[in-house]
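Open up the model and follow along.

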Amino acid sequence: MLLESFVGVMALIAASVLIPGDYLAINTTLGADALTAMGFAPARIAELSQLVEVDVAGRPGGAVSLAVGMASIFAALPGMSGLMAYWYQFALVFEALFILTTIDTGTRVARYLIQEMAGRIYAPFRRMNWWPGVLLSSGFVVGSWAYLIGTGSISTIWPMFGAANQLLGTLALCIGTTVLIKMWKSPYLWVTAVPMLFVGLITLTGSYEMFGMFLAKASTLAAGQAFALYLDAALVAVVAILGVIVLSDSMRQWYGYVILKKPFTNSEVVVMAGGGSAGRMQTAITDGEKDKCFRLPHSGGCC
């Protein structure tokens, strides 16, 4: 998540190095006259296209503007002025690898979840090395996101990807907050809680607006064409609702632990002297302990 946040900072810097008119010329399909009338006259869009050897005007989605911005930064380094086209292609490959690895990880996780749920109906699905289950669950997941790609566009897929990705970051910070509480580090909760609230509120607000946007656009289309947008809206709503459920339940638990001083148990791995671990033992923590430290169960031993 730290590296992903660094990528986000890079994207903001890359966008800020572009003149607003050039940025809008890349990320919209509006002509130069329309942008000039809005007060955002393109200044270097033709020059940028020539430097990267690709026509970058009218290429919405964010990928091209990020690549142009990163290429402009790298080309400004000493001895790099003639390599802007190379850095542009390098940035595009960087973005593609980031997206493809995310798709790969998401497909694997979704496949595991489907096999676990299907295993409640037919037990062999729970075996991760059972090839029929692997092929069926993987085919279902790949077919699902392929349908979204085939029926959607960058204007629908990219915002959905961003919302799900940022909610994942919010949940990661939520888990970090819980770990801090169970480590008796309550004074440092702001380190994870503040960015969690910031990212969560922005992402949930964006999800709400995206949900309304999909519904409004679907209402103007025929039934066959509108189905994909209704499906997109339903998926956004489900992801946002699940995120709210996790956050609200976590806050309820935090209130009990921090304010009401309820006892809790910690199932994280405990590092012992010599580099060993406590294996599968649970670490019991009670509020009455004066030194606020971990207390291992009496039975058992090191792994």
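What follows is a short briefing on helix pairs and a pocket. Keep in mind that this is a predicted model.

**How α6 meets α7**

- Start with helix α6, residues 84–118, and helix α7, residues 131–151: their axes sit 9 Å apart, at an angle of about 125 degrees.
- That angle makes α6 oblique to α7, and the crossing between α6 and α7 is right-handed.
- On the α6 side, the residues in contact are Ile 103, Thr 107, Ala 110, Arg 111, Ile 114 and Gln 115.
- Their partners in α7 include Gly 133, Val 134, Phe 140 and Trp 145.
- Sorted by class, this α6 and α7 contact has 8 nonpolar, 5 polar and 1 charged residues.

**How α7 meets α10**

- α7 also packs against α10, again at about 125 degrees, with the axes 10 Å apart.
- So α7 is oblique to α10, but here the crossing is left-handed.
- From α7, the contact uses Tyr 147, Leu 148 and Thr 151, and from α10 it uses Phe 227, Ala 228, Leu 231, Asp 232 and Leu 235.
- The class count for α7 with α10 is 6 nonpolar, 1 polar and 1 charged.

**How α9 meets α10**

- Now look at helix α9, residues 190–218: the axes of α9 and α10 come within 9 Å and cross at roughly 155 degrees.
- Angles over 145 degrees count as roughly antiparallel, so that is how α9 and α10 run relative to each other.
- The crossing of α9 and α10 is left-handed.
- Among the α9 residues in this contact are Met 196, Leu 204, Phe 211 and Lys 217, while α10 brings residues including Leu 229, Asp 232, Val 244 and Trp 254.
- By class, the α9 and α10 contact splits into 19 nonpolar, 1 polar and 2 charged residues.

**The largest pocket**

- The largest pocket has a volume of about 1,900 Å³.
- Its lining is made of 48 residues, and Gly 106, Trp 145, Met 160, Phe 161 and Ala 164 are the ones nearest the centre.
- Which helices each supply at least two residues of the lining? They are α5 (63–75), α6, α7, α8 (154–182) and α10 (223–259).
- α6 gives the largest share of the lining, with 12 residues.
- The lining of the largest pocket has 35 nonpolar, 11 polar and 2 charged residues.

Technical notes. Residues are numbered from 1 along each chain as its sequence is written. This is a predicted model: local features need pLDDT of at least 70, side-chain atom pairs count only at pLDDT 80 or more; totals for chains, interfaces and linings use all residues. Side-chain values use heavy atoms; hydrogens and water are left out. Axes are lines fitted to C-alpha atoms, for helices over the stretch in contact, and angles run from 0 to 180 degrees between N-to-C directions. Helices (H or I, at least four residues) and strands (E, at least two) are DSSP runs, numbered from the N terminus. Angles under 35 degrees count as roughly parallel, over 145 as roughly antiparallel, 65 to 115 as roughly perpendicular and the rest as oblique. A crossing is left-handed if the near helix is turned anticlockwise from the far one by less than a right angle, and right-handed if clockwise. Contact means heavy atoms within 4.5 Å. Ala, Val, Leu, Ile, Met, Phe, Trp, Tyr, Cys and Pro count as nonpolar, Asp, Glu, Lys and Arg as charged, and the others, Gly among them, as polar. On a 1 Å grid over the protein atoms alone, a cavity is a set of points where a 1.4 Å probe fits but cannot get out, and a pocket is an open set with protein on both sides within 12 Å along at least five of seven lines; lining residues have an atom within 4 Å of a point. Grid points are joined across faces, edges and corners, and a volume is the space filled by probe spheres set on the points.
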